[in-house]
Amino acid sequence: MIERVEQLRQEARGAVQEATGAEQLQALRVRYLGRKAELPRILRGVRELPPEQRGPVGKAANEARQGIEALIQARSAQIDAQRLERSLREDRLDVTLPGSPPQPVGRLHVLTATWRELEDIFVGLGFTVLEGPEVETVHYNFDALNHSPTHPARALTDTFYVSDHAVLRTHTSPMQIRAMEAHPPPLYVVIPGRVYRPDSDATHTPQFHQVEGLAVDEDITLSDLKGTLLAFARAVFGEEREVRLRPHFFPFTEPSVEVDVSCFHCSGSGFLKDGARCHLCKGEGWLEVLGAGEVDPNVYAHVPTTEANAPGYDSERVQGFAWGMGIERIAMLKHGIPDLRLYYENDLRFLEQFG
Ligand code: DAH
């Protein structure tokens, strides 16, 4: 009997060692330790044995049962450990590795960035942003802006004509008229957009960008214009800047001025620390940035009063100021860009320096 117990134990050990999964182990447990298995039957039959055999057989059978149970558990743990090790090896994911490099994202073109910067500044001063058509009528582009019939800008060589009555707008100023036609005073608007002129060299491209400004209200003076443009100059070029107005002529403003900003490169002195002449302002101390003026009363006369803008623009009652600035020029000055054509050549070595 004891030999049989030992035999069962050996047999079970071999089978358990060969098992490779939990189901197999469970089947072996049933086969060797289950209710109908031989070993438990031997155990149950111990009390029917002759007294001198009961002790040794009972002891051997009990040890064998515990031994087999321990073998099954050990094998089970071994199988689990092997499986864990394999999945750690095969499903290896190293969370400490750096992620995939981010895809290079685009950036704003320096002109778009400047366009938005200027919009932000004037919105902050209470202006509303409007945009308008790039193909414009001669009426809005010239006539309503008080250009005489012989004004040189009307020449076929200075303007892209689409027809006798339509042009590619040469400036954003026609939107002054459209804005006043559409809205009653008081009016505070800025109009960024593309404009076109048949010029092409280092300082002129046939297509470029302007930001027009128009403020019409009661009791508006040239000081309001100067204060507004001073705030703009300081926001773009630095808090220490000053502005200077020089007399000029535009058909649609009276008086008209050209506006200079004190040079931010030499702090307005015209000379650098080492005594060299400032190359940015050419020793002037001032940089010309835009044209402006008080809206000429004749311009209001070109704005019909309708339901849309009632009570309309009566030059006896309202005054205003206007300006037009080139976005390319502002960005050139601000970033020291030497040639206007760089904006449009799409050379990434240039473009990646901004935005
Ligand atoms: N339209 C002018 C140009 O393109 C710029 C300009 C000057 C606009 C004076 C204005 C202004 O509104 O008041 O040269």
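I count two strands as paired if DSSP finds at least two bridges between them. Helices (H or I, at least four residues) and strands (E, at least two) are DSSP runs, numbered from the N terminus.

The model is predicted: local features need pLDDT of at least 70, side-chain atom pairs count only at pLDDT 80 or more, and totals for chains, interfaces and linings use all residues. Residues are numbered from 1 along each chain as its sequence is written, and side-chain values use heavy atoms, with hydrogens and water left out.

**Entry: the sheet**

I looked up the strand order first. The seven strands form an open sheet in the order S1-S4-S5-S9-S8-S7-S6, with mixed pairing. Strand S1 (128-129) and strand S6 (243-250) are at the edges with a single partner strand each, so one side of each has no neighbour in the sheet.

I then went through the pairs. S1 and S4 run parallel and are joined by two bridges; threonine 128 stands opposite valine 189 in S4. S4 and S5 run antiparallel, with ten bridges between them, and isoleucine 191 has glutamate 212 in S5 as its bridge partner. On S9, glycine 324 is what glutamate 212 stands opposite. Strand S5 (residues 207-217) and strand S9 (residues 319-326) pair in the antiparallel sense over eight bridges.

S8 and S9 are also antiparallel, joined by five bridges; leucine 290 has methionine 325 in S9 as its bridge partner. Strand S7 (residues 253-262) pairs with S8 in the antiparallel sense over eight bridges. There, threonine 253 has valine 295 in S8 as its bridge partner.

I checked burial next, where buried means under 20% relative accessible area, exposed over 50% and partly exposed in between (1.4 Å probe, protein chains only). Strand S8 (residues 286-295) is mostly covered, with eight of its ten residues buried. In S4, eight of the ten residues are buried, so S4 is largely enclosed by the rest of the structure.

**Entry: H5 and H8**

Axes are lines fitted to C-alpha atoms, for helices over the stretch in contact, and angles run from 0 to 180 degrees between N-to-C directions. Helix H5 (residues 110-124) packs with helix H8 (residues 222-237) at about 135°, their axes 10 Å apart. That makes H5 oblique to H8 (under 35 degrees counts as roughly parallel, over 145 as roughly antiparallel, 65 to 115 as roughly perpendicular and the rest as oblique).

I listed contacts, meaning heavy atoms within 4.5 Å. Glu117, Leu118, Ile121 and Phe122 in H5 meet Thr228, Phe232, Ala235 and Val236 in H8. By class, this contact of H5 with H8 has six nonpolar, one polar and one charged residues (Ala, Val, Leu, Ile, Met, Phe, Trp, Tyr, Cys and Pro count as nonpolar, Asp, Glu, Lys and Arg as charged, and the others, Gly among them, as polar).

**Entry: H1 and H4**

The axes of helix H1 (residues 2-18) and helix H4 (residues 51-90) come within 10 Å and cross at roughly 0°. H1 and H4 are therefore roughly parallel to each other. The residues of their contact divide into 13 nonpolar, three polar and four charged.

**Entry: arginine 154**

Where does arginine 154 lie? I found arginine 154 in the loop between helix H6 (138-141) and strand S3 (166-168). At 15% relative accessibility, arginine 154 counts as buried. Leaving out residues up to four places away in sequence, arginine 154 touches Val138, Phe142, Asp143, His147, Ser148, Pro149, Thr159 and Tyr161.
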